[in-house]
Amino acid sequence: MPSLHELHDRFGQSPWLDNLRRDWLLDGTIARWIERGVLGCTSNPSIFQKAMSAGDAYDAQLRQLTAAGDDVGAAYWKLVRDDIDRALDAFAPVHTRTDGKDGFVSLELAPDLAHDTAGSLTAARRLADAIDRPNLMIKVPATEAGIPAIQGLVAEGRNINITLIFGLPRYRQVMEAYLSGLEAFPGDPSQVRGVASFFVSRVDTEIDQRLERIGSPEALALRGRGAVAQARLAYQAFQETFRGPRWDALVARGADVQRPLWASTSTKNPAYPPTLYVDELIGPDTVNTLPEGTLDLFEEQGTLARRIDADVADAEDVFARLAAVGVDLDDVSRVLEDEGVASFDKAFDEVHASLADKAAAFH
């Protein structure tokens, strides 16, 4: 059976846990995941919505905060901050052991800032300065407004996890923002780390729906192939970007690559192998952030092999055939970006409503 340790030690990919809960931080679950080989942790509004709305792990602190006069908005961020602080403590030894390459915990900006460059910059600085830990990553969405915010934050030497990437043109903008930011950073770039979170399974879900509406044999034969093909082409773009004279000049100053991070890697379609988006995306200088169920499945039935750069010609062929049958991949990316922002907005509103209901019941 494959292990998470092997995934990193033999193939250069870092498995991160795509979940964070108060009870896991307190009962040793996170510590056990680290022992099994998890090297980092990500959070987002949907994760906190599920964690805070279910059970009573946050109730005592919420009661104290609201009794002291905090409104629900302020209480939410204090609850989040406590979880992030505990997770940063848990992963700090990993960060030290990997010389600052892993051991990161990601905290996302409020989703209502997704189209606000100035607001994103202000909020990211405030969060990063308040927490002030070397293994913190601030998550900024790769929206049109997010790109200049990303560049500005990297130019200040901040660790950024760029999230909600769904297409190759936007991914190239993300890499350019990282490079330009590093070039503008006056300090030591060896202290700056970044990942670019390329969402995977949602791409297949959207493409497959379009293929089924087209309905031709040529279209239906492409179901389940678009997302992996796009990830492989993204990895090619990564390898092309982080080499050559421009990158060599940054390496001479100590810079590290912005690793591609495969996100949304649980299989949504039961017809596909449950570890499809893990097995097919293994390769060096990458991260895969997985929910706990997919981590378990990979350890039970996954396949350890370098696949991310396997058969790039086939990936290019899949893209050409998708275009030929009428799938507009730029529109796929736009729709998924809009849906991703809206989904986090909805989760953010729901967690605030849930906390407000709990606070009202306390008093």
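I began with strand S3 (residues 105-108), which pairs with S4 in the parallel sense over four bridges; two strands pair if DSSP finds at least two bridges between them. Strands here are DSSP runs of E, at least two residues, and helices are runs of H or I, at least four, numbered from the N terminus.

I noted that this is a predicted model, in which local features need pLDDT of at least 70, side-chain atom pairs count only at pLDDT 80 or more, and totals for chains, interfaces and linings use all residues. Residues are numbered from 1 along each chain as its sequence is written, and side-chain values use heavy atoms, with hydrogens and water left out.

I looked up the bridge partner of glutamate 108 in S4 and found lysine 139. Lysine 139 also stands opposite asparagine 161 in S5. S5 (residues 160-165) runs parallel to S4, and four bridges join the two.

S3, helix H7 (residues 117-131) and S4 form a right-handed β-α-β unit. S4, helix H8 (residues 146-155) and S5 form a right-handed β-α-β unit as well. Right-handed means that, with the strands pointing away from the viewer, the path from the first strand over the helix to the second runs clockwise.

Next I looked at burial in S4 (residues 136-141). Six of its six residues are buried, so the strand is largely enclosed by the rest of the structure; buried means under 20% relative accessible area (1.4 Å probe, protein chains only). Leu136, Ile138 and Val140 cover one side, and Met137, Lys139 and Pro141 the other.

Last, I looked up serine 120, which lies in helix H7. Serine 120 counts as buried because its relative accessibility is 3%.

How values were computed: Buried < 20%, exposed > 50% of the residue type's maximum accessible area, 1.4 Å probe, protein only.
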